[in-house]
Amino acid sequence: MFEITLSDINFAYDHNVVLQDISMTIDKGDFLAVVGPNGAGKSTMLKIMAGLLTPTHGQVKIGEKDISIARVQGLIGYVPQNYGKNILGFPATVTEIVSLGLTLGASSIRKNHQATKHIISHMMELVGVEKFRDRRIGELSGGQQQRVMVAMALASNPELLLLDEPTSGIDYEASARIYELLGTLNKNLGITVVMVSHDIDKAINCANKVACINKGLCFYGSNKEFNATHAQARHLWYYTG
Amino acid sequence: MEFFQYDFIQRAFLAGIITAIVCPVIGSFVVVRRQSLIGDGLGHIAFAGVTGGYMLGIYPAVGAFVLTMIGAVGIELVRRKHAQFADMGLAIFFYSGLAMAIIFSTITRMPSAGLLSFLFGSIITVSMTDISIIAGSGTIVLAIVYLLFDKLMLITLDEDIANVAGINTSMINMLFSILTAAVVVVGMTVVGVLLVSALMIIPVATAHLLRLGFKATMGAAVAFSVLSVAIGLTASFYLDIAPGGTIVMTAVLMYVATAISREVIGLRAKWGRASSLTGNQENN
């Protein structure tokens, strides 16, 4: 059992302040939607949580562990926004991509070939891509590719799944299926999910917590609280900063 | 196969096949990392090392090894700094290598025959010592790639995902760059820059046309590469042409033949679908 704590996070690119005084605690099993206008620092915050960027001030902890230790232990699954830059020409089948997920987590799994095959099949089944198992990932649609990337992240058996705009560039129906999948994974597997999204309405439907960011933290609370102050919050993150 | 009776042909086949196995394995990652010209870039730096070594009075291959390793580290550092312009760093080092080679060779008046053997290779003149060197270094390269295969593949797919998983991407990228340099410099001294760079890329490009998975693409690339060496060396013997050229041109012809076959198969499938559709409409 663990919680993710962001304490007084500040981040700046040179002198351009991107995040200011962000503090929050994400409980185990939460599904947090991080919303905010373009350039608000949502992706930067996710990268700090993933340990890809070091805050200019502040600290991220998973339970009692610093983020750098949690990374090494394979506790975090990460699906970046722009993974697609290499995907189109990448000569790998869906099975090969999902099995890469085992590189991310417990290496002991790899010693047992049968267990490895079972985990890969299970992950593909879980996200609904098992029928494409022998297809090259570049031949799939954007929504299907996103599912494959989620399956890869899940194969490492993470306790925290970080997703940066998982539905960007994906049509309406495929987006709805991705949100549904993430909701199911969160509820059934108990994985803590933090998802950056530009689609506030869909995101808050599947999340139980919402963080509204616009350099600083404009709102942090349950989606019910967010819905209650929806109009005010929407105004805040569209028109401030 | 009368020509197999000659010792020099047997040694050439052995050296060629070892090169043909190692180069596409490295090339499979190089192509997807969009660094297809790295063999050429490093080759030209090695070329500068050869001429520099000659100028300083040290064994040219040692000069090539030292300068190519420095170049490999430099290329990786520039790639890391400007990831979206990976080819830009290559170009800078490519031209620097060529310029240094020209300067050093002009200063020392190095004989052009020696330079040409490094550029186009002398696979026909390889000794058993040469074969031991490339077999030994090839085995080390293949063993490292085998051990790091999944990590290399993941880094090639997305460095951020690999970083979040706690993989030391900087170290592995640097190691890969050094491995590539080792393949180029060792291969260059035995079979020439042209052959090493070409076998790193062309068979991989041909295998990509088959639209297989990553491991299958690598396997197919090795098969195309070995075939190119076997056919190219045989053709070179009977046509009395330099083997480096015949091997590379065989690899190129395989690429062209595979590309045309793919197009023809695609067109036939399209026509098949169109005619069955027309037939169905007429029946209705």
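Read along the sequence, chain B runs α-α-α-α-α-α-α-α-α-α-α-α, with helices (H or I, at least four residues) and strands (E, at least two) taken as DSSP runs numbered from the N terminus. This is a predicted model, in which local features need pLDDT of at least 70 and side-chain atom pairs count only at pLDDT 80 or more, while totals for chains, interfaces and linings use all residues. Residues are numbered from 1 along each chain as its sequence is written, and chains are lettered from A and ligands numbered from 1 in the order in which they are written.

**View 1. Chain B as a whole has twelve helices and zero strands.** Its C-alpha trace spans about 85 × 60 × 35 Å along the principal axes. Of the 284 residues in chain B, 46% are buried; a residue is buried if 20 or more other C-beta atoms lie within 10 Å of its own, exposed if 12 or fewer, and partly exposed in between, with C-beta atoms placed from the backbone. As for contacts (C-beta atoms, placed from the backbone, within 7 Å), residues 24 or more positions apart account for 73% of those in chain B with a separation of 6 or more.

**View 2. Helix 1 (residues 7-32) and helix 11 (residues 214-239) of chain B have axes that come within 8 Å and cross at roughly 150°.** Axes here are lines fitted to C-alpha atoms, for helices over the stretch in contact, and angles run from 0 to 180 degrees between N-to-C directions. Helix 1 and helix 11 of chain B are therefore roughly antiparallel to each other; angles under 35 degrees count as roughly parallel, over 145 as roughly antiparallel, 65 to 115 as roughly perpendicular and the rest as oblique. Helix 1 of chain B passes helix 11 of chain B in a right-handed crossing, where left-handed has the near helix turned anticlockwise from the far one by less than a right angle, and right-handed has it clockwise. Among the contact residues are G16(B), A20(B) and P24(B) on helix 1 of chain B, and A221(B), S225(B) and S228(B) on helix 11 of chain B. The residues of this contact divide into 16 nonpolar, six polar and no charged. For the classes, Ala, Val, Leu, Ile, Met, Phe, Trp, Tyr, Cys and Pro count as nonpolar, Asp, Glu, Lys and Arg as charged, and the others, Gly among them, as polar.

**View 3. Helix 10 (193-208) of chain B leads through a loop to helix 11 of chain B, and R211(B) sits in that loop.** R211(B) has phi near 55°, a positive value in a residue other than glycine. With 14 other C-beta atoms within 10 Å, R211(B) is partly exposed. The axes of helix 10 and helix 11 of chain B come within 8 Å and cross at roughly 120°, so helix 10 and helix 11 of chain B are oblique to each other. Their crossing is right-handed. Look for P203(B) and H208(B) among the contact residues of helix 10 of chain B, and for T217(B) and F224(B) among those of helix 11 of chain B. By class, this contact has seven nonpolar, five polar and no charged residues.

**View 4. I247(B) lies in helix 12 (residues 243-283) of chain B.** I247(B) counts as buried because 31 other C-beta atoms lie within 10 Å. Leaving aside residues up to four places away in sequence, I247(B) touches G16(B), L195(B), S228(B), V229(B), G232(B) and L233(B). F214(B) is 33 residues from I247(B) in sequence and 25 Å from it in space, C-alpha to C-alpha.

**View 5. The contact between chains takes 22 residues from chain A and 19 residues from chain B.** On the side of chain A that touches chain B, helix 2 (67-72), strand 6 (76-79) and helix 4 (94-104) each give two or more residues. Helix 4 of chain A gives the most to that side, with four residues. By class, that side has twelve nonpolar, seven polar and three charged residues.

**View 6. Helix 1 (residues 42-50) of chain A has nine of its nine residues buried, so it is largely enclosed by the rest of the structure.** Its buried residues include K42(A), T44(A) and K47(A). Just after helix 1 of chain A, G51(A) takes a positive phi of about 85°.

Conventions: Contact = placed C-beta atoms within 7 Å.
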